[in-house]
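The sequence and the coordinates are shown first.

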Amino acid sequence: MLQEAFDHADGPSIVINLAVVYAWTNELDLAFETLRPLTKTPCGIFYGQLKRDPYWEPLRKDPRFEKLLAELAPRD
């Protein structure tokens with residue numbers, strides 16, 4: 001397995017899975033720390049995925065969640 005920096009196809013999805021694990025184990029700081037770079041990564045996390053996917057339910061009450069969504073929101 002390559003490092004995320006070298007595996008542009010599967011690397012981001014592995015990191016997203018890690019963020020899900022952090023979210024569901026109540027490690028919210030680590031989850032947001034892991035998600036933040038993925039908002040700027042090609043093939044990272046997308047607006048609809050973050051907004052609708054039930055995996056992110058543990059993060060929805062945190063104000064940082066809305067900030068991440070704002071970064072990913074579609075622009076006209």
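## Architecture and confidence

The model is predicted. Its chain contains four helices and zero strands, giving the pattern α-α-α-α along the sequence. The average pLDDT of the chain is 87, and 86% of the residues score at least 70. Confidence is lowest in helix 1 (residues 11–24), with a mean of 91, and highest in helix 2, at 95.

Of the 76 residues, 33% count as buried. The accessible surface amounts to about 5,300 Å², and carbon and sulfur atoms contribute 59% of that area. Among contacts with a separation of 6 or more, 54% are made by residues 24 or more positions apart.

## The two sides of helix 2

Helix 2 spans residues 28–38, and its buried residues are Leu28, Ala31, Phe32, Thr34, Leu35 and Leu38. These residues lie on the same side of helix 2 because they cover an arc of only 165° around the axis. Asp29 and Glu33, on the other side of the helix, are exposed.

## Threonine 39 in the loop

Threonine 39 is located in the loop between helix 2 and helix 3 (47–52). Its relative accessible area is 15%, so threonine 39 falls below the 20% limit for a buried residue. Beyond its neighbours within four places in sequence, threonine 39 is in contact with Ile45, Leu68, Glu71 and Leu72. One of these partners, glutamate 71, also makes a side-chain to side-chain polar contact with threonine 39 at 3.2 Å.

## Salt bridges

Side chains of opposite charge can pair when their charged atoms come close. The whole structure holds five salt bridges. One of them joins arginine 64 to aspartate 29, with an N to O distance of 2.8 Å. Arginine 64 belongs to helix 4 (residues 63–72) and aspartate 29 to helix 2, so this pair ties together parts that are 35 residues apart in sequence. Arginine 64 is partly exposed at 26% relative accessibility, whereas aspartate 29 is exposed at 52%.

A further salt bridge connects glutamate 71 and lysine 40, whose closest N and O atoms are 3.4 Å apart. This pair links distant parts of the chain, with glutamate 71 in helix 4 and lysine 40 in the loop between helix 2 and helix 3, 31 residues apart. Glutamate 71 is partly exposed, at 28%, and lysine 40 is exposed, at 66%. Glutamate 57 and arginine 60 also form a salt bridge, at 2.7 Å between the closest N and O atoms.

Notes: Residues numbered from 1 in each chain as written. Predicted model: local features only at pLDDT ≥ 70, side-chain atom pairs only at ≥ 80, totals over all residues. Heavy atoms only, no water. Buried < 20%, exposed > 50% of the residue type's maximum accessible area, 1.4 Å probe, protein only. Arc of directions from axis to C-beta. Contact = heavy atoms within 4.5 Å. Areas by Shrake-Rupley, 256 points an atom, 1.4 Å probe, with all protein chains shown as cover. Polar contact = N/O pair within 3.5 Å; in protein donor to acceptor, adjacent residues only side chain to side chain. pLDDT = per-residue confidence, 0-100. Salt bridge = Lys/Arg side-chain N within 4 Å of Asp/Glu carboxyl O.
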